[in-house]
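The structure is shown first.

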Amino acid sequence: MADSKADSGEIEPQIGSETRFPAGPKPGERDTAFFKDPMTDHLLRAVVTLAMETSVTRERLRTLEALLEKAGSLEAGNADNYQPDAAEAAYRAGQRSKLIDDILGPIVSRLARED
Amino acid sequence: MTTRIGFSPIHDEAARQAFVGSLKGYVNFGVETELATLFDQKIAPGHRQQAGKDIATLDEAESALAGHPLYALWASLTFHSQNLMWQSVQETTDRTIDAQVDRFEALAAAPDRQGCVSLRDKPVVKAPIATTEIHRQPGGYWREQRPNDLEAALNYSGTVDLYRNAKGMGVGGKIGSDSIGQFVAGVARKYAPDLDPKTILDMGCGTGEQTLGYKRAFPGAAVTGIDCARPFVRFAHGLAESEGLALDFAEMDAGKTDFPDESFDLIVSIIMFHETTKAQVGDILSECWRLLRPGGLVLHLDVPYQPDRMPLIKQVMNHWQVRHNGEPFWTGFADLDMKQEVIAAGFDADLAFATYEAAGPAVYHFFGGRKAHG
């Protein structure tokens, strides 16, 4: 039996001069468009990504409510009247900005490359 | 501390991956069915009326569909769902990769380890794997970004779970994760009921999940998995050690291994051939013949996309996957007569086969052969 640790240990410089690790194949296109107007593709994808995040959020809320209900710590109206403190409010603002950037950023950067 | 090698999403990651799985299900079944209906009921009859003859070739079918917005929608959603899939698994991998590498290093160095892993000084990977992002996986199968990297394999493993969960198989766990390996083991027993393999070779073992299935199906056999992508070989070794199973893994080119002649009683692979070039098919099958012991069985599983089995509309969609979605070799593989390839590699014509077997609703292409007792 081979010495696993020794065999798996050091990686020598190989492929790609700027890295000491194997570089992998050349990256392919990630935003190929198929409609006549590429904007249709980009908007379609933005909507799908948005739907995904909505789906994740819904699942998260259901999980939290189920856990809170199980623990007996959620009363009707608690969430409706909740006021975030300054740190929580700032966190939420950051998350909102990220979500918007996630949805619109790919379109903006794609169109920015147009002549 | 992480105790096992494997893909382990937390709540929101799992929800995101589940959405991608559902989206892919919708596109692959719902939208594809709509597209097939459109083709059969409107586009094909329209062509017949206009041209005075039926659509007969892939080229004609593609031309007839080109520009139709439903075809564009299917293409755009298929393309985007693939992007989302890799993005969604990357999130889990980024969060867990350091702990996974630590765990791999601990398992590979453990004095009580069950099997071994053997890696080369330099990667053996060559084109097309070396030059193509198969499945459009960022970095392909073999990019490494850190010592003892597992990233490519973790991501790949995450997508397998994603598909599995989308189909309602093994949700939230690893139940049935070696089911294809178990299926191949069952076909091996059916095709060679007299064979009690003492040594088994799994070519293109990938993450090793199915390789473990062979060890479970034939506990007395020495099982070896080989792959040309190093992150996968490490992952497979770590997975086997996590499961306490004794298997060996090595970084090797299936067309040119280091094993002596007649080393294995059973040689298998799962969806490896459609990710090789036509030229490598001959090399790999010749190597199988060299490595097989008298009385042994070679049994390869791959996609059942041979053109004579598929309606034109499905051929159009597959050809699109070849051009746009990281499946560059489906078409080349599907055009080969694998029984003839097996015979050309040295197998006796009456002991070679190319067949189809069903596993539930799925059908797979099997090919290989036996070697007569000496």
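This is a predicted model: local features need pLDDT of at least 70, side-chain atom pairs count only at pLDDT 80 or more; totals for chains, interfaces and linings use all residues.

Along the sequence the pattern reads α-α-α. Chain A has 115 residues, of which 10% count as buried.

One residue of helix 3 (residues 86-112) of chain A is D101(A). Is D101(A) buried or exposed? D101(A) has 11 other C-beta atoms within 10 Å, and a residue with 12 or fewer counts as exposed, so D101(A) is exposed. D101(A) and T54(A) lie 47 residues apart along the chain, and their C-alpha atoms are separated by 15 Å.

## Helix packing in chain A

Helix 2 and helix 3 of chain A have axes that come within 10 Å and cross at roughly 165°. An angle over 145 degrees counts as roughly antiparallel, so helix 2 of chain A is roughly antiparallel to helix 3 of chain A. The crossing of these two helices is right-handed.

From helix 2 of chain A, the contact is made by H42(A), A46(A), T49(A), L50(A) and E53(A); from helix 3 of chain A, it is made by L99(A), D102(A), I103(A), L104(A), P106(A), I107(A) and R110(A). Sorted by class, the contact of helix 2 with helix 3 of chain A has 7 nonpolar, 2 polar and 3 charged residues.

## Interface between the chains

How many residues of chain A are in contact with chain B? There are 31 residues of chain A in contact with 39 residues of chain B. On the chain A side, the elements that give two or more residues are helix 1 (4-8) and helix 2 (38-71). Helix 2 of chain A supplies the largest share of that side, 11 residues. The residues on the side of chain A that touches chain B divide into 14 nonpolar, 9 polar and 8 charged.

## Helices 3 and 7 of chain B

In chain B, helix 3 (residues 69-109) packs with helix 7 (residues 230-242) at an angle of about 70°, and the axes are 9 Å apart. Angles of 65 to 115 degrees count as roughly perpendicular, so helix 3 of chain B is roughly perpendicular to helix 7 of chain B. Their crossing is left-handed.

On helix 3 of chain B, R103(B), F104(B), L107(B) and A108(B) meet R234(B), H237(B), G238(B), E241(B) and S242(B) on helix 7 of chain B. By class, this contact has 3 nonpolar, 3 polar and 3 charged residues.

Helix 5 (residues 179-191) of chain B has 13 residues, which at 1.5 Å a residue should span 18 Å. The C-alpha atoms at the ends of helix 5 of chain B are 18 Å apart, which agrees. In helix 5 of chain B the buried residues are G181(B), F183(B), V184(B), A185(B) and A188(B). These buried residues pack against helix 6 (209-217), strand 5 (264-270), strand 6 (292-302) and strand 7 (352-359) of chain B.

Helix 6 of chain B is mostly covered, with 8 of its 9 residues buried. The buried residues are E209(B), Q210(B), T211(B), L212(B), G213(B), Y214(B), K215(B) and A217(B). Against which elements do the buried residues of helix 6 of chain B pack? They pack against helix 5, helix 7, strand 2 (199-203), strand 3 (222-227) and strand 5 of chain B.

Key
Residues are numbered from 1 along each chain as its sequence is written. Chains are lettered from A and ligands numbered from 1 in the order in which they are written. Two residues are in contact if their C-beta atoms, placed from the backbone, lie within 7 Å. Helices (H or I, at least four residues) and strands (E, at least two) are DSSP runs, numbered from the N terminus. Ala, Val, Leu, Ile, Met, Phe, Trp, Tyr, Cys and Pro count as nonpolar, Asp, Glu, Lys and Arg as charged, and the others, Gly among them, as polar. Axes are lines fitted to C-alpha atoms, for helices over the stretch in contact, and angles run from 0 to 180 degrees between N-to-C directions. Angles under 35 degrees count as roughly parallel, over 145 as roughly antiparallel, 65 to 115 as roughly perpendicular and the rest as oblique. A crossing is left-handed if the near helix is turned anticlockwise from the far one by less than a right angle, and right-handed if clockwise. The expected span of a helix is 1.5 Å times one less than its number of residues. A residue is buried if 20 or more other C-beta atoms lie within 10 Å of its own, exposed if 12 or fewer, and partly exposed in between; C-beta atoms are placed from the backbone.
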